Amino acid sequence: MFETLTDRFEGVFERLRGRGRLSPREVDAALAEVRLALLEADAAVEVVGRLLDRIRTRAVGAEVSRSVSPGHQVVKIVHESLIETLGGRAVPLVSGRPPPAVTLMVGLQGSGKTTSAAKLAYLHKRAGKRVLLVAADLVRPGAVEQLALLGERIAVPVFSDSRSSPVPLVRAALRRARREGFGKVVVDTAGRLQVDRALMRELAAIDKAADPEEVLLVLDAMTGQQAVSVARGFLEHTDVTGVLLSKLDSDARGGAAISVKEAVGCPIKLVGTGERPEDLEVFHPERMASRILGMGDVLTLVEKAEQAFDEQRALEMADRVMKAEFTFDDFLEQVKGLRRMGSFGEVLGMIPGARTASADPQVIDREIRRSEAIIRSMTPAERADPKVIGGSRRRRIAVGSGTSVQDVSGLLRQFGQVRNMMKSLSQGKAMPGFPGISGFGLPGGAPGPAAGGRRRGRSPGPPGRRPRTPKKLQKKKRKR
Amino acid sequence: MSPVGWVLSAVAAVVVVSLIVWMVRSRAAGSGALPTRGRGERLDDSSRQPGVRQLGMRMQALLSRPGMSEEVWQELEEELIAADMGVEAAGLVVEAVRRTDPPGADEAKEVIRAELNRILSGVDRRLRLDGDPSILVVVGVNGAGKTTTVAKLAARLNESGHRPIIGAADTYRPAADTQLMTWAERVGVQVVRGRSGGDPAAVAYDALQAGRARGAGAVIVDTAGRFQTRHNLMEELSKIIRVLGRDGDRVSEVLLVMDAATGQNGLAQARRFVEVGVTGIVLAKMDGTAKGGVALAVERELSLPVKFIGVGEGVEDLIPFDGPVFVDALLSPA
């Protein structure tokens with residue numbers, strides 16, 4: 001599977017540590033990896049070449065500062081180039097048109113237009129606007145009913161007439177909007193292929209009738225190499241003002257975002273991140289760049305944790321982690337919560353740099369089950385204070401859990417070490433990093449390149465480099 | 001709760017994951033002790049992974065050889081990637097062709113065609129209808145085209161005299177059952193519906209009961225769209241399939257509907273959906289410019305046969321997958 005770019009680059013630059021500048025040959029070796037990463041993320045073949053040329057120009061001759069590895073340096077350049085390509089800053093929605101200001105939702109079948117229309121209406125509503133939804137998808141069976149139900153849910157009126165046709169329907173909707181003083185009108189249109197001439201002409205007619213301030217192309221984040229052709233096709237017939245990237249709550253890397261922005265120049269304005277009406281967010285280029293490069297997604301991790309863990313318990317748990325009071329019971333509870341977040345492989349994938357080849361999710365799962373069995377064979381007193389577990393208790397636990405005394409001892413020892421790490425974390429020291437997890441970065445801890453624009457602390461060292469064993473821990477080990 | 005709190009809880013979660021990974025690692029290393037290594041040493045040398053180093057060696061070998069130039073090979077590879085076949089599958093195909101040492105680009109393309117056809121051979125693409133009634137469950141991510149596929153499938157089975165009945169087990173999406181009812185009316189088959197927000201497994205079971213009572217030959221169950229990453233929803237799907245087998249019935253087919261425009265996420269989808277028992281793929285929306293190359297990557301990796309493709313918005317627009325035709329389209333310029 002995919003490893004993070006940082007990891008890959010480390011191999012390329014292994015022998016280059018300490019050199020002054022990046023030579024063209026070194027950069028090319030690294031760029032071969034970047035190419036793979038981008039293509040695996042579904043960035044269009046035609047835009048990858050151009051992107052690489054730009055990155056090459058920036059990287060060749062770039063000074064490698066003493067404090068970072070060349071691999072890290074290139075990742076930084078790639079990351080920055082991607083952010084730039086994606087538009088640098090978030091592009092706001094058009095505003096300032098006299099009411100009723102119309103937004104047209106367009107796109108392929110199944111891209112998520114109807115759901116997105118309701119979300120956008122809700123966004124406007126929360127901004128204090130009076131919104132009218134218009135169900136102008138008269139093709140797909142149930143589309144009008146779906147929008148009506150969604151409108152009901154967010155308390156936004158829905159205008160429709162299934163016996164009409166789109167152009168007169170939109171005109172009628174605008175008359176009503178003017179009469180009743182609606183500030184914003186969001187029009188859902190039927191899904192259509194960009195190569196369907198008749199339907200694209202119809203779309204152009206709707207566009208003309210609606211005179212929209214905004215035409216949003218709803219694009220599925222899972223879209224592959226077709227993204228460019230789709231965007232071009234729609235742009236040919238309507239003045240698309242922006243892209244709404246839907247279904248970003250999937251685990252698609254979303255290279256389509258780059259394809260569209262780079263090939264067509266259409267800014268990505270919004271992203272759909274879930275099934276609830278409020279799951280529509282402003283597009284963040286730096287988040288997207290990290291995602292495309294497979295650099296983990298700490299924010300998604302945080303969001304998932306939000307869904308999986310009980311608020312109060314999570315706070316208590318975090319507090320105990322900080323105070324290094326983490327017990328085996330807490331461990332069990334955390335494992336339960338993690339299961340709710342998805343498979344361990346997924347969770348691992350969201351931790352920058354943690355997804356490496358040797359961390360086989362299935363092996364991990366087996367290991368977790370074994371650990372759980374061992375812990376379940378402990379008495380409550382033992383779980384709270386593992387220090388009381390002596391030789392005979394270890395034997396009992398091993399028998400009870402169907403494991404060996406070595407397994408029990410191993411778990412106890414590792415648990416002790418983890419508590420020590422937690423202690424050093426809580427004392428404001430950098431997260432020491434765990435052996436084998438390179439590039440272990442977290443907000444507040446040691447942010448990696450994945451944290452990109454959203455890093456919160458100072459980066460103590462280049463993630464991706466093999467973590468060093470903290471001095472403190474080494475001392476403890478020697479004592480043992 | 002403050003965002004800081006959530007970040008902290010995520011930290012806690014990460015700590016646990018890390019602990020586990022670490023335990024696995026140290027077990028593999030044969031000791032529970034913290035390994036101490038020098039700074040330059042790498043714990044896992046990713047460049048030694050297949051694919052990464054291979055690429056470098058391959059280039060070396062090629063550049064030192066006359067005949068086909070590196071550019072041509074890269075172009076061929078990119079052609080396959082542009083059809084959404086993915087870097088890995090495309091690379092392996094090109095690699096296989098390389099070994100045959102074709103004299104020119106056109107010959108190379110012919111060998112690629114043969115290689116793709118080889119990948120697509122050896123699987124059974126027939127729709128299994130071996131129950132009484134046969135049970136077919138249609139699954140997929142949001143917006144893939146499940147409901148439309150269900151209707152088309154019903155039309156097909158109706159045509160061939162299987163008297164199908166549809167279970168509208170997408171109780172989540174607003175008006176999903178309305179959509180299905182409209183289609184069913186066109187096709188002329190019955191639909192068993194549940195309450196909006198109700199238990200989809202119960203609806204599926206009801207549909208099976210009704211199908212049996214009414215002497216239907218096939219029961220087609222439509223399910224709500226779900227991303228393969230949503231643990232609970234995947235569990236729900238397992239439950240639907242389990243409940244359908246409660247009376248000793250066997251689910252004949254679990255069809256994963258995939259949008260032909262899907263990129264490499266299609267592989268991730270297939271990998272996870274296979275775990276809940278998917279038996280085949282329906283490639284929807286093949287009437288656009290999308291070539292559905294990811295299905296080839298899926299078949300190569302998982303031996304999961306593509307059974308049908310959707311080619312339009314009419315009820316008759318679901319046709320059996322034809323490997324050679326698919327390959328021809330894949331290799332034709334966009």
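Is Glu382(A) buried or exposed? In this predicted model, Glu382(A) has a relative accessible area of 0% and therefore counts as buried. Its partner in a salt bridge is Arg396(A), with the closest N and O atoms 2.9 Å apart. The pair links distant parts of the chain, since Glu382(A) belongs to helix H17 (residues 380-384) of chain A and Arg396(A) to helix H18 (residues 391-401) of chain A, 14 residues apart.

Over all chains, a search of the whole structure finds 45 salt bridges. One of them joins Lys247(A) to Asp220(A), at 2.8 Å between the closest N and O atoms. Because Lys247(A) lies in the loop between S6 and H10 of chain A while Asp220(A) is in strand S5 (residues 214-220) of chain A, this pair ties together parts that are 27 residues apart in sequence. Both Lys247(A) and Asp220(A) are buried. Another salt bridge, between the side chains of Glu275(A) and Arg230(B), has an N to O distance of 4.0 Å. This pair crosses between chains, running from the loop between strand S7 (268-272) and strand S8 (280-282) of chain A, which holds Glu275(A), to the loop between strand S4 (218-223) and helix H9 (231-244) of chain B, which holds Arg230(B). Glu275(A) is partly exposed at 27% relative accessible area, and Arg230(B) is likewise partly exposed, at 33% relative accessibility.

The domain assignment of chain A gives domain 1 (3-86), domain 2 (101-294) and domain 3 (311-426). The centres of domain 2 and domain 3 of chain A, taken over C-alpha atoms, are separated by 46 Å. Helix H10 (residues 256-264) of chain A is largely enclosed by the rest of the structure, because nine of its nine residues are buried. Among these buried residues are the charged Lys261(A) and Glu262(A). Just after H10(A), Gly265(A) adopts a positive phi of about 80 degrees. Val243(A), in strand S6 (residues 242-246) of chain A, counts as buried at 1% relative accessibility.

On the surface, a patch of positive charge is formed by Arg171(A), Arg175(A), Arg178(A), Arg179(A) and Lys208(A). Helix H7 (residues 166-180) of chain A contributes the largest share of this patch, four residues. Lys208(A) is found in helix H8 (residues 197-210) of chain A and, with 74% relative accessibility, counts as exposed.

Several features of the backbone remain to be described. Most residues other than glycine have a negative phi, and most peptide bonds are trans. Asp42(A), although not a glycine, has a positive phi of about 80 degrees; Asp42(A) sits in the loop between helix H2 (24-40) and helix H3 (45-59) of chain A and counts as buried at 4% relative accessibility. Arg163(B), also not a glycine, has a positive phi of about 45 degrees and lies in the loop between helix H6 (146-159) and strand S2 (164-169) of chain B. In chain A, the peptide bond from Pro99(A) to Pro100(A) is cis, with omega near 0 degrees, and Pro100(A) is placed in the loop between helix H4 (70-85) and strand S1 (101-107). In chain B, the peptide bond from Asp132(B) to Pro133(B) is cis, with omega near -5 degrees, and Pro133(B) lies in the loop between helix H5 (105-119) and strand S1 (134-139).

Definitions and conventions
Residues numbered from 1 in each chain as written. Chains lettered and ligands numbered in written order. Predicted model: local features only at pLDDT ≥ 70, side-chain atom pairs only at ≥ 80, totals over all residues. Heavy atoms only, no water. Patch = residues over 30% accessible without salt bridge, like charges linked within 9 Å, V, L, I, M, F, W, Y side chains within 5 Å. Areas by Shrake-Rupley, 256 points an atom, 1.4 Å probe, with all protein chains shown as cover. Charge placed at Lys NZ, Arg CZ, Asp CG, Glu CD. Helix = DSSP H or I, 4+ residues; strand = E, 2+ residues; numbered from the N terminus. Buried < 20%, exposed > 50% of the residue type's maximum accessible area, 1.4 Å probe, protein only. Domains from an automatic or database assignment.
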